[in-house]
Amino acid sequence: MDWAVGVLRHYPELAVFLVLGLGAWVGGVKLGGVNLGTPTGALFVGLVVGQLEIPVSGTAKSVLFMLFLVGNGYSIGPQFFRSLRGDGLRFLALAVFQATVGLAISIVVASALGLDVGLSAGLLSGALTQSPAIGTASEAIMALPLPEAERERLVGHVAIGDALCYVFGTFGTIWFLSRFAPRLLKIDLAVESRALEEELGVTRDRVGLLSGYQAFALRAHRLDDVELAGKTIADVEARFAGQRLYIARVRRGAEIIDAAPDTLLAAGDVLSLGGRRAVVMECGAQIGAEVDDRELLDMPITVLTVIAAHGDYVGRTLGELAVRHEARGVFLRKLTRLGQKIPILPGTEVQRGDRLELIGPATSVERVAARIGRADRGGIGSDVMALGLAVVIGGFIGAPYFLAGEFRIGLGTSVGALLAGIILGWIHSHRPSFGRVPEAASALMISLGLAGFVGMTGMQAGPHFLDAIQDSGLSLLLGGVVVTLVPLASALYFGRRVLRLRPILLLGACAGAQTQTPALAAIQDSADSRIAVLGYTVPYAIGQILLTAWGSVIVGVLR
């Protein structure tokens with residue numbers, strides 16, 4: 001045992017990877033069907049490993065945090081700028097209100113409990129489940145005019161406070177939004193979700209224009225309906241326009257003809273019909289008998305993910321885009337935004353940065369992809385130059401400060417890097433050739449950067465953990481309950497009474513403003529619907545920015 005501890009002390013980088021590995025395991029353990037995630041698991045493991053008094057490199061910790069910030073900013077950039085216009089403004093207002101109440105109640109509770117600035121910042125980051133605030137708070141503490149040992153102790157207290165308050169922050173948010181809030185709003189989540197889905201144009205029992213939950217099929221049917229003989233392909237497809245039936249090819253005797261809108265059909269032709277399975281089955285039966293024609297159906301079909309960027313498609317609803325001529329034969333399998341699946345409804349608006357998974361004939365899919373934006377073909381290259389310069393520029397933006405007495409006031413390099421990542425992501429959404437970072441690479445930057453930073457912070461805090469628990473443990477836990485629930489209850493009232501948001505969308509928005517994806521999942525599970533995600537994405541982007549920045553703000557206020 002002594003030998004192993006000696007190795008970890010001599011090679012502290014091994015201790016960091018130990019914290020990451022065990023942290024991922026701890027964070028993946030489900031409690032009540034919910035896991036805390038790798039960053040929180042790394043924090044808990046870091047506090048334990050920190051008892052061994054292993055040295056931690058401040059530079060390495062900062063590099064990991066910068067990696068997380070620029071990656072996180074990059075992923076939310078397009079959604080952030082979208083929130084500044086249209087209906088997004090109401091969701092933006094909710095997120096700003098909820099985050100501001102969270103900051104205010106954190107300050108009030110911390111002052112009432114007499115917590116030092118480290119525990120106060122940890123109270124905020126843990127109770128509001130925003131671990132990145134540990135980083136901004138730590139940066140602000142290191143700028144305080146205090147002895148170095150005292151600054152390190154306070155930084156350790158940030159991690160301790162976060163660890164104590166995070167568990168209820170997560171489970172309390174889930175319970176409040178999925179169980180208690182619907183009672184306050186006097187709604188049945190399932191009924192409310194069903195009503196909104198019907199209002200948006202889709203019910204679960206009907207196969208509609210863009211139902212989104214059906215598989216796709218390509219089948220061969222002989223043209224037996226004499227009323228359709230002599231008509232063009234465009235005429236036949238128009239007969240089933242509301243269901244988007246697509247004729248891909250036609251067999252006439254031994255000849256196979258590529259379908260064009262003006263192609264005339266004759267009795268006995270065999271048609272390859274494409275579309276959603278239920279649509280093909282229903283409409284094909286009206287056209288004629290199904291036949292087995294492998295040669296006719298043996299055509300290149302592709303699935304391609306496209307990132308929305310071009311103005312012709314951004315801001316349009318799926319219903320509007322589905323009837324465009326160039327969309328003929330192309331179907332949408334999945335739509336994701338900020339990593340969340342968005343319900344495929346006729347009224348769903350395509351937003352910049354959305355990822356659309358298209359299926360259809362290869363040539364048709366490629367044609368539509370070029371109109372929408374940039375196809376994601378799974379390339380692994382990242383624009384490292386743009387990433388590096390973004391961090392540097394953001395750091396230079398955040399570095400300036402002015403003195404208020406002995407305290408330095410400024411954005412800080414952390415917030416500067418976050419803003420730089422947001423701008424880089426937005427620029428890339430307009431100019432796909434610049435600043436490319438594949439989704440997998442961005443996800444790695446976010447998960448590895450935050451988990452590594454938080455785990456190392458926990459290692460630093462380890463030696464102070466027991467003393468802090470003895471001094472403030474119980475009061476900090478109770479204070480965290482207040483800081484978690486008050487912003488949620490306030491936002492619920494503000495969103496319903498002032499902003500007049502639909503209840504199911506309001507609950508999704510509150511989860512987003514708290515950056516609580518598990519809470520969104522719990523709402524969707526209780527509602528038996530994914531519709532709440534439509535209110536989640538804008539507040540999530542705003543919450544990521546404000547709650548991260550609050551770490552430095554609370555230190556400045558309570559210093």
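**Notebook: rings, cysteines and confidence**

I began with Trp 175, which counts as partly exposed at 41% relative accessibility; with a 1.4 Å probe and protein chains only, buried means under 20% relative accessible area, exposed over 50%, and partly exposed in between. I recorded that this is a predicted model, in which local features need pLDDT of at least 70, side-chain atom pairs count only at pLDDT 80 or more, and totals for chains, interfaces and linings use all residues. Residues are numbered from 1 along each chain as its sequence is written, and side-chain values use heavy atoms, with hydrogens and water left out.

**Aromatic pairs**

I looked up the aromatic pairs and found 7 in the structure. Trp 175 and Phe 176 make one of them, with 6.4 Å from centre to centre and 65 degrees between the planes, an edge-to-face arrangement. For such pairs, the rings of Phe, Tyr and Trp (its six-membered ring) must have centres within 6.5 Å; planes under 30 degrees apart are stacked, over 60 edge-to-face, and the rest tilted.

I then followed Phe 176, which is buried at 3% relative accessible area. Phe 176 also pairs with Phe 180: the ring centres are 5.8 Å apart and the planes stand at 50 degrees, so this pair is tilted. Both residues belong to helix H8 (residues 148-185), where being 4 residues apart separates them by about one helical turn; helices are DSSP runs of H or I, at least four residues, numbered from the N terminus. Phe 180 is partly exposed, at 31% relative accessibility.

Elsewhere I noted a cluster in which ring pairs link Phe 65, Phe 68 and Phe 453.

**Charges over rings**

I next looked for charges over ring faces, meaning NZ of Lys or CZ of Arg within 6 Å of the ring centre and within 35 degrees of the ring normal. Arg 244 lies over the face of Phe 331, 4.8 Å from the ring centre. Arg 324 lies over the face of Tyr 313, at 5.0 Å from the ring centre.

**Cysteines**

I found 0 disulfides in the structure, taking a disulfide as two cysteine sulfur atoms within 2.5 Å. Cys 283 is buried, at 0% relative accessible area. Cys 510 is buried with a relative accessible area of 0%.

**Confidence**

The protein chain has a mean of 85, and 94% of its residues reach 70 or more. Over residues 202-214, pLDDT stays under 50, and the model has 37 contacts beyond four places in sequence for them, a contact being heavy atoms within 4.5 Å.

Key. Helices (H or I, at least four residues) and strands (E, at least two) are DSSP runs, numbered from the N terminus. pLDDT is the predictor's confidence in each residue, from 0 to 100.
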